[in-house]
Structures are given as structure tokens and as C-alpha cells.
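This report describes the fold of a single protein chain, going from its elements to its sheets and then to the packing of its helices.

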Amino acid sequence: MDPELRDGFRLGSFLVYPLRNEFVGDEGPLHVPPRVMDVLLRLAADPGEVVPRQTLLDDVWEGVTVSDETLSRAVSELRSALGERRGHHEYVQTVPKRGYRLVAPVTALGAVAGPVPATPAAPEIQAFVAPQPHAM
């Protein structure tokens, strides 16, 4: 695991916490399987670069023989967690016959001022109170 990314990073509009296998977006926290997070981490280690399918298989499933379909499923789960729709890949791009490329910006949270925040248990709700007209 890339030490700069291990404690967390921003991926587009998401905060990603690899040690917790968690994404935090507008709709709150979402947990993903460890291998899905590992695929994301491998792509995030070289953002913008094409990572060959075989490299992903070798790095994520170290020494375990798995099919190409296993990687395809993991990428599909990753895209689903990121809210990508078919044909609209703003995070993970498929490069046919080559591999995958992370196209969203990646920023290690250590590079951002301040400590990594804890995941909120529930979204914070702030009430809006309209000003009351003055009685005459």
C-alpha cells in the first residue's frame, strides 16, 4: 500500500480511507470489499497512467490465480461505489486491450492541512429558521 495514500486521500468529490475500506461522499460513508479498495489503491498509485490488467491482477491478487472476470467484477464494484453510470466514467476509464486508468484527481490527505476527520455516524443536519416578521 502506498504510504502517502494509506491514511486517506481525496478522489474527486470522495474522501477515501483505505484502512477502513471506506469512501465518504455526499451520501455518507460506503464500505467496499478489501480487494475493491486494493484495485483503487493500485490505480491511485499512478493516477492518469494506464495500469495493465495483468499488473492489477499480479499486484492485487499476489500469487493467487484469478480470471480476468474477477478483475472486471472488482472494477465494476468500484465504479458502482463511485456512482459511475455506464458510459460516463469520470473516475475509472477502461483502455481497451490494455487496462484501466484513474482519471479523477488524487490528493493524499496528508497533503491537505489538518488531521483526517473521523467518519460521521450520520450526516449533520442544520436547520434553517426563517426570520419572523415584526408584529406592528
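## Elements of the chain

In what order do the elements of the chain run from the N terminus on? The order is α-β-β-β-β-α-β-α-α-β-β-β.

The model is predicted: local features need pLDDT of at least 70, side-chain atom pairs count only at pLDDT 80 or more, and totals for chains, interfaces and linings use all residues. Residues are numbered from 1 along each chain as its sequence is written, and side-chain values use heavy atoms, with hydrogens and water left out.

Of the 136 residues in the chain, 34% are buried, that is, under 20% relative accessible area with a 1.4 Å probe and protein chains only. Among contacts (heavy atoms within 4.5 Å) between residues at least 6 apart in sequence, 51% join residues at least 24 apart.

## The five-stranded sheet

Five strands form an open antiparallel sheet in the order β4-β3-β2-β1-β8; two strands count as paired if DSSP finds at least two bridges between them. β4 (28–31) and β8 (106–108) each have a single partner strand and stand at the edges, so one side of each is left without a neighbour in the sheet. On average, neighbouring strands here are turned by 25° against each other, direction ignored. For such angles, axes are lines fitted to C-alpha atoms, for helices over the stretch in contact, and angles run from 0 to 180 degrees between N-to-C directions.

Within this sheet, strand β2 (residues 14–17) runs antiparallel to strand β3 (residues 22–25), and three bridges join them. Val16 stands opposite Phe23 in β3. Helix α2 packs on the sheet, where it touches β1 (9–11), β2, β3 and β8, and its direction makes about 85° with that of β1.

## The three-stranded sheet

Another open sheet has three strands in the order β5-β7-β6, again with antiparallel pairing. Its edges are β5 (50–52) and β6 (92–95); each has a single partner strand, so one side of each lacks a neighbour in the sheet. Neighbouring strands are turned by 30° against each other on average, direction ignored. Four bridges pair β6 with strand β7 (residues 99–102) in the antiparallel sense, and Val95 stands opposite Gly99 in β7.

Helix α2 (residues 34–44) lies across β5, β6 and β7, running at about 70° to β7. Helix α3 (residues 53–60) also packs on this sheet, touching β5 and β7, and its direction makes about 70° with that of β5.

Which residues of α3 are buried? They are Arg53, Leu56, Leu57 and Val60. Seen down the axis of α3, these buried residues fall within an arc of 100°, so they line one face of the helix; the arc is that of the directions from the helix axis to the C-beta atoms. Their cover includes α2, β5, α4 (68–81) and β7.

α2 and α4 pack at an angle of about 85°, with their axes 9 Å apart. The two helices are therefore roughly perpendicular to each other, a term for angles of 65 to 115 degrees. Val36, Val39, Leu40 and Leu43 of α2 make the contact with Leu71, Ala74, Val75, Glu77 and Leu78 of α4. By class, this contact has eight nonpolar, no polar and one charged residues. Ala, Val, Leu, Ile, Met, Phe, Trp, Tyr, Cys and Pro count as nonpolar, Asp, Glu, Lys and Arg as charged, and the others, Gly among them, as polar.

Notes: Buried means under 20% relative accessible area, exposed over 50%, partly exposed in between (1.4 Å probe, protein chains only). Angles under 35 degrees count as roughly parallel, over 145 as roughly antiparallel, 65 to 115 as roughly perpendicular and the rest as oblique.
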